[in-house]
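Reader: Please show me the model, and then I will ask about it.

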Amino acid sequence: PETRVDRVTLDVAFNAAEGERWTGAFEITGLNREGIAVEALSLEGGGRISGGEKAEVLADLTFDATDLDLGTEEAKAAVGERVTGAANIVWATGEPLRVSNLTIEGETYRLTGQASVATSEDGLDIVGDAGVRASNLAVFSGLAGRALGGAVALDSRFDVKPLAGFFDIAVKGTTTGLVLDQPEADRVLAGEVRLDVAAARDENGIRGTLTTLESPNASVTGQADLKTDTSSLTISARLSDAALVIPDIAGPVRLTASADQDGDLWNWRADGGLDGASVDLAGTATDIFGTPVIAASGTVAARDLSDFAGIARRDIAGAIDFRLSGEVVTDLSRADISLTGVATDLVTGVAEADRLLTGAVDVTLDGAISDEVLSARRVLISGQNIQLDASGSLAPETGNVAASGRVASASLLLEDAPD
């Protein structure tokens, strides 16, 4: 592509015979190239150049670009019409290259940093820190392809060895009024959010640590250690109100979970719930990068199922306390489940069933799905108004059921029937 400029000015001064000082100024007016246009661009600097056995170069640089046009309205809005910056650079024989006081500043953002670049038998080693402040993320909405909002203030430190593939990076800071154009996330991340996260990779593997992700509505901590055949994951989370994510459920939510890898097998555990409802499960998972097979056992309990009536889209109520175990292939080609426990004063929204399920009802369910065949090896329901013992199977074109039982009174099923 053709590049056109209205004017170029270059002024560089250095004379080793007169001293070590140097100065320079480079200015372009009316730069036009496909995808970019700049009304005025200037780079100015000065410093020192010394030779000899230990050569050294010092440079103090500033730049200023005005009336920027990066080819699209989205890019122009994000970068702004003017960008300024500065940096101090020091290089000496046998020493790392050092960049300090680096700043890049636009209308709504500011980046700062410093770094050193050294060489060793492992290649480059880049060590430093950086900070970013953005007062109005809305200007980046076009580039992101979604409506953004809020402000961020983040600081980081880093040590990166690119050729070796090693890194150690930490980021800490806050966001205020963050908007990601995702309603659930926006509600959870409303207000001031504190973030403290780190990631590192060395010869032993990758470790990620989420020390803090906390907002007025939520908090999350976690850690991941990724190693060949011995990875591990932990997470702990709290949500002030489930309605922030699922409008039909209310109340605080908690979750703790962990997983440990042993070759192709993952052992996992999850414990969580709402006020008056809990889930405590443990199990295994295999083939997680293919078609995972998940096995689980544990307990599920709720004091009042009416808390979940909104999500069930029907009037349910009562209490449950179940123990379950099973295994499922995530494509649902095969599943096996066993459940036992007690339901108390269960309300399903079906009047006839509700009359049968009053009081404490013992429930046992042992069933499976395989090759499009649903099998109920045994279904036992035992309460003051019903006794049922059933089994059977259902395939796409065939089925069979065997059942025996009793109800305390026919009037529970038909209101006008005699007792």
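Reader: Which residues line the largest pocket?

Author: This is a predicted model, where local features need pLDDT of at least 70, side-chain atom pairs count only at pLDDT 80 or more, and totals for chains, interfaces and linings use all residues. Residues are numbered from 1 along each chain as its sequence is written, and side-chain values use heavy atoms, with hydrogens and water left out. On a 1 Å grid over the protein atoms alone, a pocket is an open set of points where a 1.4 Å probe fits, with protein on both sides within 12 Å along at least five of seven lines, and lining residues have an atom within 4 Å of a point. The lining consists of L239, A242, V245, I246, I249, V253, L274, F308 and I311.

Reader: Is Y109 buried or exposed?

Author: Buried means under 20% relative accessible area, exposed over 50%, and partly exposed in between (1.4 Å probe, protein chains only). The relative accessibility of Y109 is 12%, so Y109 counts as buried.

Reader: How many aromatic pairs does the structure hold?

Author: Rings of Phe, Tyr and Trp (its six-membered ring) pair if their centres lie within 6.5 Å; planes under 30 degrees apart count as stacked, over 60 as edge-to-face and the rest as tilted. The ring centres of Y109 and F140 are 6.3 Å apart and the planes meet at 55 degrees, so this pair is tilted. The number of aromatic pairs is one.

Reader: Which residues does A59 touch, not counting those up to four places away in sequence?

Author: A59 is buried, at 11% relative accessible area. Contact means heavy atoms within 4.5 Å. On that basis A59 touches W22, G46, A87, N88 and I89.
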